[in-house]
Amino acid sequence: MTFIFYGMEMSPPCTSVTIAMRLAKVQYEYKVIDLMKKAHLHPDFLKINPNHTVPTINDNGFVIWESRAIMQYIFNRYAPESSLYPSDPMQRAKVDSLMNYDQGTFYTTVSAYIYNSLGIRPGKRDDPVEKKSFWDQVQFIEDHLLKDNQKFLTGNTMTIADISLGISMSMPMVFLGDKCYKKFPKITTWRGELMKVPEYAEG
Ligand SMILES: N[C@@H](CCC(=O)N[C@@H](CS)C(=O)NCC(=O)O)C(=O)O
């Protein structure tokens, strides 16, 4: 049995998958795909993932990419009883909804504002429209996703939605500084709860 994880450091989706694998206690072999060296465009990697993205996993011949789908697969397959990906259909739907929100909305604003500003993408740096979209989403998370009396997004138990959105929210800190969310008390408290989980805090 071989479980290969193709990834690289400093990649938020790879970090999410690493945390999920730690929590689900999956043993894996790590293969670095160095984007700077264009290893993701090497024919050998393109045979595995023609979409040339990391993270990608190969679980004994079963290949899948997209970090959120990988996290869901890991818990479905290796930790089906775990509350990190609850089996109750309604609880699970909430987790899935938040992960889709992260991928389709929040991380899109991170990409458009932060990645352009860092020069990782070729768009306009510090674009005021993209900047506003990003901060509007941060405000939305503060006002609507986090509740006063609960520790995590869907209750007092951490789920893979917290990992997904938590790691997406950590990326902007590289550009904006680690105090960038200090005006958002619920986000600050939630991030504090996440950092109490060793598998998460390890990054
Ligand atoms: N939505 C994907 C994003 C994956 C992604 O874009 N990864 C970057 C590294 S952070 C990558 O592999 N970029 C290379 C490319 O797109 O060619 C996920 O969550 O896994």
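Student: Which residues is Val63 in contact with, leaving aside neighbours within four places in sequence?

Tutor: Ile48, Asn49, Thr56 and Asn58. In contact means that the C-beta atoms, placed from the backbone, lie within 7 Å. This is a predicted model, where local features need pLDDT of at least 70, side-chain atom pairs count only at pLDDT 80 or more, and totals for chains, interfaces and linings use all residues. Residues are numbered from 1 along each chain as its sequence is written.

Student: How far apart are the C-alpha atoms of Val63 and Ile48?

Tutor: They are 7.2 Å apart, and the two residues are separated by 15 residues along the chain.

Student: And why is Val63 called partly exposed?

Tutor: Because 13 other C-beta atoms lie within 10 Å. Buried takes 20 or more within 10 Å, exposed 12 or fewer, and partly exposed is in between, with C-beta atoms placed from the backbone.

Student: New topic. Where does helix H4 bend?

Tutor: H4, residues 89-118, bends by about 40° at Asp102. The bend is the angle between axes fitted to the seven residues ending there and the seven starting there. Helices are DSSP runs of H or I, at least four residues, numbered from the N terminus.

Student: Is Asp102 buried or exposed?

Tutor: Buried; Leu98, Met99 and Phe106 are also among the buried residues of H4.

Student: Which helices do those buried residues pack against?

Tutor: The buried residues of H4 pack against H3 (67-78), H5 (128-145), H6 (160-170) and H7 (172-176).

Student: What follows H4?

Tutor: Gly119, with a positive phi near 80°.

Terms used: Two residues are in contact if their C-beta atoms, placed from the backbone, lie within 7 Å. Helices (H or I, at least four residues) and strands (E, at least two) are DSSP runs, numbered from the N terminus.
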